Amino acid sequence: MEFNIALLRGDGIGPEIVDSAVDVLKKTAEKFGHKFNFTPYLIGGAAIDETGKSLPDETVEGCLASDSVLLGSVGGPKWDSQPPSNRPEKALLGIRAALGLFTNLRPAKLYSALKEASPLRADIAEKGFDIMIVRELTGGIYFGERGRRNGENGEEAYDTECYSKMEIERIAKVAFETAMKRNKNVISIDKSNVLESSRLWRETVHEMAKDYPEVTLTDMLVDNAAMQIVKNPAQFDVIVTSNMFGDILSDEASQVTGSIGMLPSASLGATKRGMYEPIHGSAPDIAGQNIANPIATILSASMMLRYSFDLEKEADAIDNAVNKFLELGFRTADLAGNTGVKTLSTTEVTEKILELL
Ligand code: IPM
Ligand code: MG
């Protein structure tokens, strides 16, 4: 089969890790007899430097014309003084909205080979965990009305959390459908003891649950959830939550797997076209040093094959190669910590994974 993939390398370590995932995709295509065409587009700081705009129209059009998008990461101190409407992060929110990607799937699982890298106590890590975080991606406070104004105490700023029933229904549906293919367990996370938007969230998720009698639905308050992820992560199967809570909890869940450098994500909408990106950021402190862990991006490429192209065998092949790489004891700097284990560079990791494919 033939697919057109838009590449948004972005900033910081973005170009290095995307190149690594592209090598893995090319090898996979070769092995299974497919053809992937790659077209790069500018986004984030790199786009500001070239065109003045963090999200050029050409990028949006190119992504809309593609079968799927692979993204590295955006942002860095160089562009921190950009006006809010032109920040690299704004481009990321903008492209998600332009492509209608309201669902963000963030799997956080503990690889058995990485139990020692997890900051969790041994008896907790021993039980393992495999969580699918379903984060709402184009609504809530990241997209709500915001501004500055003069208040009672002088200057003030505000951001608004707003969810329509429609937005909650469509993300809840994704969560329940996802759970049906897994362990049939959904934990919906909100702050309904305080927020009205969370009360509508909870009500709506429960209404949707009636269509999925086989799925067990539990509510959890977000502060408790933050605690439960370190206390007993094995209790989670599918988590469904709002944009901001999902942003925060997915970083937490990723770190307990050993490193944020391991976690991929898939952003999906109503069509087969998705955008795939590691959940970590642009890590400007290590950019250009060839030491970034490309695994999250490689696994994101695998999610693209699985979710957008229905290439299950091919995705399994990539996941297995990564698994083997870890089982063989290879480590990147972020995974090794201060254990003294010899670590591999970004290009060395890529070569090893290509070999194992
Ligand atoms: C993420 C990031 C982004 C987000 C930022 C960079 C806008 O933190 O993908 O988790 O909040 O969605
Ligand atoms: Mg984040």
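Helices are DSSP runs of H or I with at least four residues, numbered from the N terminus. Their axes are lines fitted to C-alpha atoms over the stretch in contact, and angles run from 0 to 180 degrees between N-to-C directions. This structure is a predicted model, in which local features need pLDDT of at least 70, side-chain atom pairs count only at pLDDT 80 or more, and totals for chains, interfaces and linings use all residues. Residues are numbered from 1 along each chain as its sequence is written.

**Helices H10 and H11**

- Helix H10 (residues 295-307) packs with helix H11 (residues 312-327) at an angle of about 160 degrees, and their axes are 7 Å apart.
- That angle makes H10 roughly antiparallel to H11, a term for angles over 145 degrees.
- H10 passes H11 in a left-handed crossing, in which the near helix is turned anticlockwise from the far one by less than a right angle.
- The residues of this contact comprise 9 nonpolar, 1 polar and 5 charged; Ala, Val, Leu, Ile, Met, Phe, Trp, Tyr, Cys and Pro count as nonpolar, Asp, Glu, Lys and Arg as charged, and the others, Gly among them, as polar.

**Helices H11 and H13**

- The axes of H11 and helix H13 (residues 346-356) cross at roughly 115 degrees and come within 9 Å.
- Their crossing is right-handed, the term used if the near helix is turned clockwise.
- Ala321, Val322, Lys324 and Phe325 of H11 make the contact with Val349, Lys352, Ile353 and Leu356 of H13, where contact means heavy atoms within 4.5 Å.
- By class, the contact of H11 with H13 has 6 nonpolar, no polar and 2 charged residues.

**Helices H6 and H7**

- Helix H6 (residues 165-180) and helix H7 (residues 196-209) have axes 9 Å apart and pack at an angle of about 50 degrees.
- H6 is therefore oblique to H7.
- H6 passes H7 in a right-handed crossing.

**The two domains**

- The domain assignment, which is automatic or from a database, gives domain 1 (1-102 + 267-357) and domain 2 (119-256).
- The C-alpha centres of domain 1 and domain 2 lie 25 Å apart.
- In domain 1, 8 residues are in contact with 13 residues of domain 2.
- About 890 Å² is buried between domain 1 and domain 2, and carbon and sulfur atoms give 70% of this area; buried area is the accessible area (1.4 Å probe) that two parts lose on being put together, summed over both.
- Of the area that domain 1 buries against domain 2, Leu93, Phe102 and Ile279 supply 65%, more than any other three residues.

Conventions:
Chains are lettered from A and ligands numbered from 1 in the order in which they are written. Side-chain values use heavy atoms; hydrogens and water are left out. Helices (H or I, at least four residues) and strands (E, at least two) are DSSP runs, numbered from the N terminus. Angles under 35 degrees count as roughly parallel, over 145 as roughly antiparallel, 65 to 115 as roughly perpendicular and the rest as oblique.
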